[in-house]
Amino acid sequence: MLDQISEQVYFIVSRSFDSNITFIKTGDHEILIDAGTGLYTSNLDEDLQTLGSSIQSITDVVLTHSHIDHIGGIIPLLEAGSPKLYLHEAEAEPINQGDMSQTLGDTFGVDLPPFKIDVLLNEGDVLDFNKVKLRVFHTPGHSAGSIIMEIEDTGILLTGDTLFPGGSFGRVDFPTGSPEKLVDSLRRISEMQFEIGLPGHMNAMKYNARQSAMSSYKMAKQWFKM
Ligand SMILES: [Zn+2]
């Protein structure tokens, strides 16, 4: 399901095991936030074509983290075109050294060939795509290199697998997960100013997303007894 969030931002809600994908069109940049498993790339292509884009013309893919349900779709995208790839350095460095273990491909029986991440992200980075600026916040907990991003001046927060709607939050039982770090990341998010949250799974938080962040922070604190 394809949902227009603002003039330049579209939210594609996941098909089954896939992550959600956000599409941003600005000037000569056609950007994806996360790439899904790659099992449904032809559906993604159909959605993009309705917006005058396609998998061939994607210029940038910014990954919220490197789990297989977010990163597997890189393979068909690299076959179709030549997008620039972005990922937090904590997860990009192993991948660039050929270590794909943090992607959980093996765990889920997916053979993910090695590839290179072009841009290693850090806390405070601002990705400047003409009219759209993405500010990076390092929010570990679901994984060591999980990030969220603020689309500046829009009130939109891309929350990855850190914050989900309805008091939910990302699981911490995969390698590099940490309940302490997740609770701290949710606390940080609950103190930010934003109206709309676009998560890596489940539905968009279209109104009062900050309220949602506060309840996820509270739930996580209780759940992990912190
Ligand atoms: Zn994940």
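User: Before we start, what makes two strands count as a pair?
Analyst: Two strands pair if DSSP finds at least two bridges between them. Keep in mind that this model is predicted.

User: Okay. How many bridges join S9 to S10?
Analyst: There are 5 bridges between strand S9, residues 132-138, and strand S10, residues 147-151.

User: And do those two run parallel or antiparallel?
Analyst: S9 and S10 run antiparallel.

User: Which residue in S10 sits opposite Arg135?
Analyst: That's Glu150.

User: What sheet are they in, and what's the strand order?
Analyst: An open sheet of 5 strands, in the order S8-S9-S10-S11-S12. The pairing is mixed.

User: Which strands are at the edges?
Analyst: Strand S8 (126-129) and strand S12 (196-199). Each pairs on one side only.

User: What about the twist?
Analyst: From one strand to the next, the twist averages 20 degrees.

User: Switching to helices. At what angle do H5 and H6 cross?
Analyst: Roughly 155 degrees. H5 covers residues 179-190 and H6 covers residues 209-223, and their axes come within 8 Å.

User: Why is H5 called roughly antiparallel to H6?
Analyst: Because angles over 145 degrees count as roughly antiparallel, the crossing angle of H5 and H6 makes them so.

User: Is the crossing left-handed or right-handed?
Analyst: Left-handed.

User: Which residues make the contact?
Analyst: From H5, Leu182, Val183, Leu186, Arg187, Ile189 and Ser190. From H6, Ala213, Met214, Ser216, Tyr217, Ala220 and Lys221.

User: How does that contact split by class?
Analyst: The contact of H5 with H6 has 8 nonpolar, 2 polar and 2 charged residues.

Methods. Residues numbered from 1 in each chain as written. Predicted model: local features only at pLDDT ≥ 70, side-chain atom pairs only at ≥ 80, totals over all residues. Helix = DSSP H or I, 4+ residues; strand = E, 2+ residues; numbered from the N terminus. Axes fitted to C-alpha atoms, helices over the stretch in contact; angles between N-to-C directions. Parallel < 35°, antiparallel > 145°, perpendicular 65-115°, else oblique. Left-handed = near helix turned anticlockwise from the far one by under 90°. Contact = placed C-beta atoms within 7 Å. Nonpolar A, V, L, I, M, F, W, Y, C, P; charged D, E, K, R; others polar.
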